[in-house]
Amino acid sequence: MIGVFAPAEDQPVIREFFELFKTPWEFGRAGGKTEVAIWSRAEVPQTDAKLVLIFGGDTNSFDRANGLQTHPRISNRILSHEGRWLPTYGNCVTFGKSAGATLTVEDTGESALWEISAGGQTFIRIGYDLFQEIRLLLTSGQPFAHASTPTLEMHITLLRGLITGHSIPLIEIPPVPAGHAFIACLTHDVDHIGIRNHKFDHTMFGFFYRATMGSAMDFLQGKKSLKQVCLNWQAAASLPFVHLGIARDFWHPFDRYLEIEKGLASTFFVIPKKGEPGVNARGQRPAKRAASYDVAELADTLKKLEAAGNEIGVHGIDAWRDKVAGSEERERISRLTGAAEFGVRMHWLYFDERSPVWLEAAGFIYDSTVGYNETIGYRAGTIQVFKPLPAERLLELPMHIMDTALFYPSYLNLSSKQAEAMIFPFIENAVHFGGVLTVNWHDRSIVPERLWDGFYIWLLAQLKAKRAWFATAAKTVSWFRKRRSVTFEQIENGRIKIRGGGNDSLPGLRVRIFRPDINGAKFVEIPLQDGMEICPAG
Ligand SMILES: [Zn+2]
């Protein structure tokens, strides 16, 4: 059991942190008996905990009492732990160079960790403020430069390592669905549904240019094959006939998705209002943001997609800033699909710090907007579904890999080979940490002129090979909700009673036990059963 001592204002972020690092803990109290005590921005009182972890990015009373030489606090330090980066964004103090340091500043090699043992107790001073870092990740998120680092998971890794590394037993419910390595959540933002809706507008002329001249240039740069160029020219030549209604609309990709994703469940976010650009953060109404389709045209397609096990969500316009608009957007889709519980991702990823409150008030059960437009990565530093701090119940499914970020000339502008190389570490992270890898492939990305279908099929094969559980956004969120519902209670003789974990059709939860006496292995894992009792010490 971990006891946490921190200012009252940090309590919401601490609660959320321990939903992500799902292990027994409590808020520290006078006379409380815990083996591990964490102090963050609080005075360090007397304790008999075996391991005392003191976090903080400024020199504190512990440093003064122990005559610790702290080096100037600087924000935005990149730390290194077990060969992986751990960027920090708030203040960070260091303690000079020491051989064998396990947490160091990446460029200077100074140690950001200081340890002393006395009288059967170990005190470890860590030079940053853990919960301020977590707060920043879960609110504003991390900058573009560290997009590829799952920073929040690294904070958990460091903390877990400090505890188990000092021979203290630990139990944890890992974010890993039983029988799988991680969750793959395939999603599609449906921005167009057909080129027939675009007569002589910027979208149609844009398509025509990219399919003809653009494809030829892509071919010369090795980004498209000759076959793909031919497909695009064919599509461009068929455009007048598509508009006349005598040729197939090549921008209507739903049957192709059903074919590619056969047996896998995915989520389609559809725009509820035709011709409505919505309002951006500066109060402007960018005309290009408006959808040219009326979602009612898709009624039969949506039924077909749902019948195949897929989910329909809202690709929101104004829901991010207005709960009345959000309710209307939600109800429009609910009337078409008959579904009551589903989520939203905002078109163009419009979002601000109050959005979780408006989306929750509008009746959405999750949001999946937190991600980057311009790159792939972990905006909130996490591979896990989390509860945004201002929300009561709404959960956030972070979006990690988006096709347009990979391939748009104005974003990463990668070739297929470069994109594969960039995605590999994300799959490795999913295998290593568990959690969910959320992919957004736009509706028209698998047809002319983008033709990113081959790449998407490659990605699905990688995810299958790594034992992903393919789940819709709603099921992914439900699985994390089930994990969040688990409670730990300390009973007599250091035993922990575990409740929750429910009986449902979703993959089960597992209990991971780290114990110093496990021969060679780092941990053992057993299926979680409601009401089970475990003695972490063995
Ligand atoms: Zn969109």
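**The zinc site and its surroundings**

H347 counts as buried, with a relative accessibility of 5%. The structure is a predicted model, and in it H347 is one of the protein donors of a zinc ion.

**Zinc ion**

- The zinc ion has as its protein donors D191 through OD, H315 through NE2 and H347 through ND1, at 2.1 to 2.4 Å from the ion.
- D191 lies in the loop between β13 and α5 (202-220), while H347 lies in the loop between β16 (344-346) and α10 (355-361), so the two tie together parts of the chain that are 156 residues apart in sequence.
- Along the chain, the donors follow the spacing D-x123-H-x31-H.
- D191 is buried as well, with a relative accessible area of 15%, which is below the 20% limit for that class.

**Strand β13**

- Strand β13 covers residues 182-190, and nine of its nine residues are buried.
- Burial extends to both faces of β13: F182, A184, L186, H188 and V190 lie on one side, and I183, C185, T187 and D189 on the other.
- In a regular strand, side chains alternate between the two faces of the sheet.
- β13 pairs in parallel with β14 over five bridges, and V190 has V270 of β14 as its bridge partner.
- Five bridges also link β13 to strand β20 (residues 436-440), again in the parallel sense; here I183 stands opposite V436.
- Strand β21 (residues 468-470) runs parallel to β13 and is joined to it by three bridges, with F182 opposite A468.

**Helix α8**

- Helix α8 spans residues 299-307, and its buried residues are A299, T301, L302 and L305.
- Viewed down the axis of α8, these buried residues fall within an arc of 160°, so they line one face of the helix.
- The exposed residues D300 and A307 are carried on the face of α8 turned away from its buried side.
- The buried residues of α8 pack against α7 (254-260), β14 (266-270), β15 (311-316) and α9 (323-337).
- G309 follows α8 and has a positive phi, near 95°.

**A three-stranded sheet**

- β22, β23 and β26 form an open sheet in the order β22-β23-β26, with antiparallel pairing.
- Its edge strands are β22 (487-490) and β26 (533-534), each of which pairs on one side only.
- Strand β23 (residues 496-499) runs antiparallel to β26 and is joined to it by two bridges; K497 stands opposite E533 of β26.

**The protein as a whole**

- The secondary structure comprises 14 helices and 26 strands.
- The radius of gyration is 25 Å, close to the 24 Å that the globule rule gives for 538 residues, so the protein is as compact as a globular protein of that length.
- The C-alpha trace spans about 85 × 50 × 50 Å along its principal axes.
- Of the 538 residues, 57% count as buried.
- The protein exposes about 22400 Å², of which carbon and sulfur atoms supply 52%.
- Among contacts between residues at least 6 apart in sequence, 69% join residues at least 24 apart.

Definitions and conventions
Residues are numbered from 1 along each chain as its sequence is written. This is a predicted model: local features need pLDDT of at least 70, side-chain atom pairs count only at pLDDT 80 or more; totals for chains, interfaces and linings use all residues. Side-chain values use heavy atoms; hydrogens and water are left out. Buried means under 20% relative accessible area, exposed over 50%, partly exposed in between (1.4 Å probe, protein chains only). Helices (H or I, at least four residues) and strands (E, at least two) are DSSP runs, numbered from the N terminus. The arc is that of the directions from the helix axis to the C-beta atoms. Contact means heavy atoms within 4.5 Å. Two strands pair if DSSP finds at least two bridges between them. The radius of gyration is taken over C-alpha atoms; the globule rule is 2.2 Å times the number of residues to the power 0.38. Accessible areas come from the Shrake-Rupley method with a 1.4 Å probe; for residues, only the protein chains shown count as cover. Donors are N, O and S atoms within 2.8 Å of the metal (3.2 Å for Na, K and Ca); water is not among the atoms, so sites may look incomplete.
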